[in-house]
Structures are given as C-alpha cells and as structure tokens.
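Let's take a walk through a protein model together. Have the sequence and the 3D view ready, and look things up as you read.

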Amino acid sequence: MTNAEVSVTHLDEGVRRVTLPLPTGPRHVHCYIAGGTLFDTGIGLEPPSWRELGVERIAITHFHPDHVGGAEAAAAESASVYQGALDYAQCERVWGSDDWPERIADWFVTHGVPEPIVRDLIEQGHAFAPFIRFARDPELLYEGSEVDGWEVVELPGHADGHLGFLRDGALIAGDHLLARITPAVGLYPESRPDPLGDYLTSLERTIELAPRVVYPGHGEPIDDAAGRAKEIIQHHRERLDVVSSALSAEPLSGFDISHAVFGDDLSPQQRRFAVAETLSHLERLVREGRAARAGDARNVTYTAP
Ligand SMILES: [Zn+2]
C-alpha cells in the first residue's frame, strides 16, 4: 500500500478495519474486511490495493459517497459487489442521473429554501456527482439475504435502504449507529415518506438484536449497542418536542422552521442538511398528530394541528 493515511486495525474474530481519510466531515471512514469480504469502500480518493488486502467481494451498507464512492475501483480489482435493492435504486437516481441536482433543488424550493442556496446546490451537485464512482449492476440484497455467512438486516433511517450485516453477534452497521455522532436522518424527494419513523423502528430493532459489538462507519466500535440506540431515540424525542414547539397557527415552511431549530448561522450546505432533518421531524410529527401539513405541490407548509 502506498497511501500513508490508510491504516489497518485488527479487531476481534479476524475482522480487519481499514481506515481511509475523508476530505470533510469526520475526516475518516472505516471499511471492514472479514474473510474475503470488504464492507464499504470509502469515497474512492486514493484507495488502497484491495486485492493486496485479500478482498474477493464487496458489500455496501448504503449509497452515501463516503461508503459507495470507491466501489467501482474496488470492483475492478476484485469480484462481485452486493448492495441493497432499494439502496442501489436510490444510488443510481442520485449519482447516476444528470438531472438529480435540478430535481432536488426544485424540491427544496417547495420547502421554502431561497434561490441562492438552491443555486449553490445545483452547482455543487453537478461538480460532485462524477467523482462518486459506484459499481453498476450489483447483486441485490434484501432482508434475510446472506453474504459470506453474514446475515443482511435492513435498518432504514439514515438512508432508506441502509443495511447492516450480522454474524456471531457482530453487526457491521455503516452509519446506522455511531458512538459520538448522531447519524443524520433527513427527508429527501422520491424517498420513503417517514424516514425518522423508520429510523426509530430500526433503533428499536437494534435493541432487540442486541449485538455484542457494532462496527460503525465512523468512530470506535460500540459495545453497548442497546444503550447507544436508547440515547439516540431520546435525542430525537427531544428534538421532536423542539420542532413541535416551533409550530403555530401561521403556516411555516421547513426552511423557516429549520431556523427555529438549528439557528440562523449556517453555511448553505449546513442549511440544506438542517432543512432535510427538520422535515424528517415534521413528517414524524404529522404522523403522531402533532403537526399538520398544508400547501400544495409548489409550496409545502406546516402548522400546529
Ligand atoms: Zn458515512
């Protein structure tokens, strides 16, 4: 291996953790190798030689750039790629279609996001997409599928088609459960309608599965998965209360409400995440009877019920 920033850590039971640098965010992402299977591929900038690391097949937890972006390069070096069926459909739609930046921008406009923030989104989207080299036509995975002895568990929330891989009490979990970061859960166009509801259910499921150890995409392994899942459920319950208390009889957009929840001082990119996160909470509140959605296809607003 030539990249000095790549590090390999030997974990329990023959699982190796390969840590790759990221230019942004948590600054690193973990991939895992067990037997000949590589779980997640990093963003694809200066990847290590996966073949030298003994990789024969690749499994993807979810289609976000830091997990799927290196898949094409990794696939060229090894063999088959396995990805969730829903996750691959969304991966193709977002990274593989020319007009996605315009479509997501239009959708943000319906939620009150102003023109300059949306224009920035379109420019960045077109600049970024060509670098996300996901692998085409993977073997599709579903709940209960198996990859090299690992059982596939669907854990929607952070991404609609997010998968976990479970074997002997170890759960390779992507960004479903992280030790120090609360995974982002946003509403996006052409996606499942209640991602926060999905996520809370996936966290309850994690408590039931009670894995002995969780290997996450960022940060250290998690020994107390149930405890961490309960903390994150509590966090979202509190945030639902904050979002609920921002509602009144006056119709407000997701953009307006994101200011009440996340403050005024955000970059355009942070604002987009804040709006998506606010909307996932609003849609959960609608389903709990604690918010009402109004408006039409061009202009969506929320009020107190
Ligand atoms: Zn990630």
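What follows is a short tour, with one heading per stop.

## Before we start

This is a predicted model, where local features need pLDDT of at least 70 and side-chain atom pairs count only at pLDDT 80 or more, while totals for chains, interfaces and linings use all residues. Residues are numbered from 1 along each chain as its sequence is written, and side-chain values use heavy atoms, with hydrogens and water left out.

Let's begin with the strands. In general, strands of a sheet pair through backbone hydrogen bonds, either parallel or antiparallel. Here, two strands count as paired if DSSP finds at least two bridges between them. Seven strands make up an open sheet, in the order S1-S2-S3-S4-S5-S6-S7, and the pairing is mixed. At the edges sit strand S1 (7–10) and strand S7 (139–141), each of which pairs on one side only. From one strand to the next, the twist averages 25°.

Now zoom in on one pair. S1 and strand S2 (residues 15–21) are antiparallel, joined over four bridges. Look for valine 8, which stands opposite valine 18 in S2.

## Helices that cross

Helix H3 (residues 85–95) lies across strand S6 (81–84) and S7, and it runs at about 95° to S6. Such angles run from 0 to 180 degrees between N-to-C directions, and the axes are lines fitted to C-alpha atoms, for helices over the stretch in contact.

Another crossing involves helix H6 (residues 195–209) and helix H9 (residues 268–287), which pack at an angle of about 80° with their axes 7 Å apart. That makes H6 roughly perpendicular to H9, a label for angles of 65 to 115 degrees (under 35 counts as roughly parallel, over 145 as roughly antiparallel, and the rest as oblique). Which residues in H6 meet H9? They are Pro195, Leu196, Gly197 and Leu200, and on the H9 side they meet Ser280, His281 and Arg284. Contact means heavy atoms within 4.5 Å.

## The zinc site

Which residues coordinate the zinc ion? Asp66 (OD), His67 (NE2), Asp175 (OD) and His218 (NE2) do, at 2.0 to 2.2 Å. Donors are N, O and S atoms within 2.8 Å of the metal (3.2 Å for Na, K and Ca), and sites may look incomplete because water is not among the atoms. Along the chain, the zinc donors follow the spacing D-H-x107-D-x42-H. Aspartate 66 in helix H1 (residues 65–68) and histidine 218 in the loop between strand S12 (213–216) and H7 link distant parts of the chain, 152 residues apart.

The arrangement is irregular because the four donor atoms subtend angles of 86 to 160°. To count as tetrahedral, four donors need all angles between 85 and 135 degrees; four count as square planar and six as octahedral if opposite donors are over 155 degrees apart and all others between 65 and 115; anything else is irregular.

## Hidden and open spots

Buried means under 20% relative accessible area, exposed over 50%, and partly exposed in between (1.4 Å probe, protein chains only). Aspartate 66 and histidine 218 are both buried. Serine 253, in the loop between helix H7 (225–245) and helix H8 (254–262), is buried too, at 6%.

Aspartate 168 sits in the loop between strand S10 (163–167) and strand S11 (170–174), and is exposed at 61%. Its phi is near 50°, a positive value in a residue other than glycine. Most residues other than glycine have a negative phi.

How values were computed. Helices (H or I, at least four residues) and strands (E, at least two) are DSSP runs, numbered from the N terminus.
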